[in-house]
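Morning, everyone. Please have the sequence and the structure open while I talk. I'll go from charged pairs to rings, then to helices.

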Amino acid sequence: MIYFDNSATTKPYPEALETYMQVASKIVGNPSSLHRLGDQATRILEASRQQIADLIGKKNEEIFFTSGGTEGDNWVIKGVPFEKVQYGKHLIISAIEHPAVRESALWLKSQGFEVDVAPVDSRGFVDVAALANLIRPDTTLVSIMAVNNEIGSIQPIQAISELLADKPTISFHVDAVQALAKIPTESYLTDRVDFATFSSHKFHGVRGVGFIYLKSGKKISPLLTGGGQERDYRSTTENVAGIAATAKALRLSMEKEVQFGQRTRQMKELIRQELLQYPDVLVFSELDQFAPHILTFGIKGVRGEVVVHAFEEYEIFISTTSACSSKAGKPAGTLIAMGVDKDKAQSAVRLSLDLDNDMSQVEQFLTTFKLIYNQTQKVR
């Protein structure tokens with residue numbers, strides 16, 4: 001089996017699973033309990049929070065645990081505008097955001113908020129000048145992802161941070177789910193970023209765990225009310241075992257970040273060069289200013305799901321761009337926003353590589369691709 005769908009989810013590290021099992025089986029207390037078993041759970045919880053904060057260069061009191069990226073995006077996109085409603089009811093997102101951001105913003109429109117969408121250029125990068133023109137006196141939130149999940153374009157977070165530098169009343173959120181441990185943290189966690197969203201299963205942690213960075217002093221409404229956990233922002237018993245496994249996975253992943261970038265870029269570059277030799281292949285992901293591990297392409301006239309299932313017959317697993325939208329059969333929203341016509345966008349499939357992959361798998365993929373390409377000749 002060859003697994004080239006790591007942007008959808010990664011295989012948990014054995015060390016992270018071992019941490020999960022050890023904590024789940026031995027730390028039985030609730031962190032909110034007063035007895036020593038509760039204290040044991042609290043120590044694990046807070047040690048994990050501190051480790052995560054240290055790894056991303058933030059303070060431990062700025063880390064809040066969630067169930068994953070979707071919850072984190074929902075929390076920020078809804079929580080910030082409602083908390084700051086007295087200052088305005090306008091927010092800005094980009095045209096290529098994850099559905100968790102996009103759908104949350106659409107829901108806000110139903111609640112009387114105004115949402116503007118910043119366009120992207122033909123390569124999939126947010127147009128910073130166009131974004132600047134959308135800013136209004138009543139704008140309270142700007143949300144831009146760090147790495148696009150469909151084609152891998154690394155967004156100009158530094159330039160947007162500079163744009164917002166003299167606008168302290170606007171909160172700046174970055175969906176960093178596809179960025180953490182993939183590209184340097186300082187490129188998207190600038191001093192101007194107020195909120196950032198992360199998900200454990202994207203960096204070899206377990207599913208159902210995530211966290212957000214919430215800059216000290218910034219305003220957001222609580223996500224869940226109840227027992228007061230996570231300093232009254234998210235009231236529910238913390239998943240201590242999952243959080244401990246997340247901290248372990250993040251440490252291991254960030255230790256390998258440079259190696260990850262070098263090896264996945266080499267594999268991506270080779271695949272990309274080979275695909276460009278085929279006259280009916282469209283390659284949407286570039287090398288410069290793109291994540292090293294994401295490569296999106298299409299065969300003209302062949303729907304992406306057909307290509308996915310064709311590779312599956314050979315035990316090679318890829319996806320149709322965003323895993324969250326693939327079963328709905330929607331064309332890649334990022335490509336549509338880039339001006340790619342619908343037929344070409346519907347052909348798109350995504351490879352997302354990892355350190356678990358190697359050049360022998362790349363060679364097998366390319367051999368299989370040639371077979372599939374030839375099989376689709378009549379369709380093309």
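Let's start with Glu-46. At 32% relative accessibility, Glu-46 counts as partly exposed. Here buried means under 20% relative accessible area, exposed means over 50%, and partly exposed is in between, with a 1.4 Å probe and protein chains only. What does Glu-46 meet? Its side chain and that of Arg-49 form a salt bridge, 2.9 Å from N to O. A salt bridge is a side-chain nitrogen of Lys or Arg within 4 Å of a carboxyl oxygen of Asp or Glu. Arg-49 is buried, at 6% relative accessible area. Both residues lie in helix α2 (residues 36-56), three residues apart, about one turn of the helix. Helices (H or I, at least four residues) and strands (E, at least two) are DSSP runs, numbered from the N terminus.

A word on the source. This is a predicted model, where local features need pLDDT of at least 70 and side-chain atom pairs count only at pLDDT 80 or more, while totals for chains, interfaces and linings use all residues. Residues are numbered from 1 along each chain as its sequence is written, and side-chain values use heavy atoms, leaving out hydrogens and water.

Back to charges. The count comes to 15 salt bridges. One of them joins Glu-71 and Arg-234, at 2.4 Å from N to O. That pair links distant parts of the chain: Glu-71 sits in helix α3, Arg-234 in the loop between β8 (210-214) and α7, 163 residues apart. Both Glu-71 and Arg-234 are buried. Arg-303 bridges to Glu-305, with the closest N and O atoms 2.7 Å apart. Arg-303 is partly exposed at 35% relative accessibility, and Glu-305 is partly exposed at 31%. There is a network too: salt bridges link Arg-192, Asp-194, Lys-215 and Lys-218.

Now the rings. How many aromatic pairs does a search of the whole structure find? It finds 15. Rings of Phe, Tyr and Trp (its six-membered ring) pair if their centres lie within 6.5 Å; planes under 30 degrees apart count as stacked, over 60 as edge-to-face and the rest as tilted. Take Phe-82 and Trp-107: centres 6.1 Å apart, planes at 50 degrees, so the pair is tilted. Phe-82 lies in helix α3 (residues 69-83) and Trp-107 in helix α4 (residues 99-110), so the pair ties together parts that are 25 residues apart in sequence. Phe-125 and Phe-290 have centres 5.4 Å apart and planes at 80 degrees, so this pair is edge-to-face. Phe-125 is buried at 7% relative accessibility, and Phe-290 is buried at 3%.

Charges meet rings as well. The charged end of Lys-78 sits over the ring of Trp-107, 4.9 Å from its centre. The rule is NZ of Lys or CZ of Arg within 6 Å of the ring centre and within 35 degrees of the ring normal. Lys-182 lies over the face of Phe-260, at 5.6 Å from the ring centre.

Phe-260 takes us to a helix. Phe-260 is among the buried residues of α8, including Thr-264, Met-267 and Ile-271. Finally, α7 is mostly covered: 13 of its 16 residues are buried.
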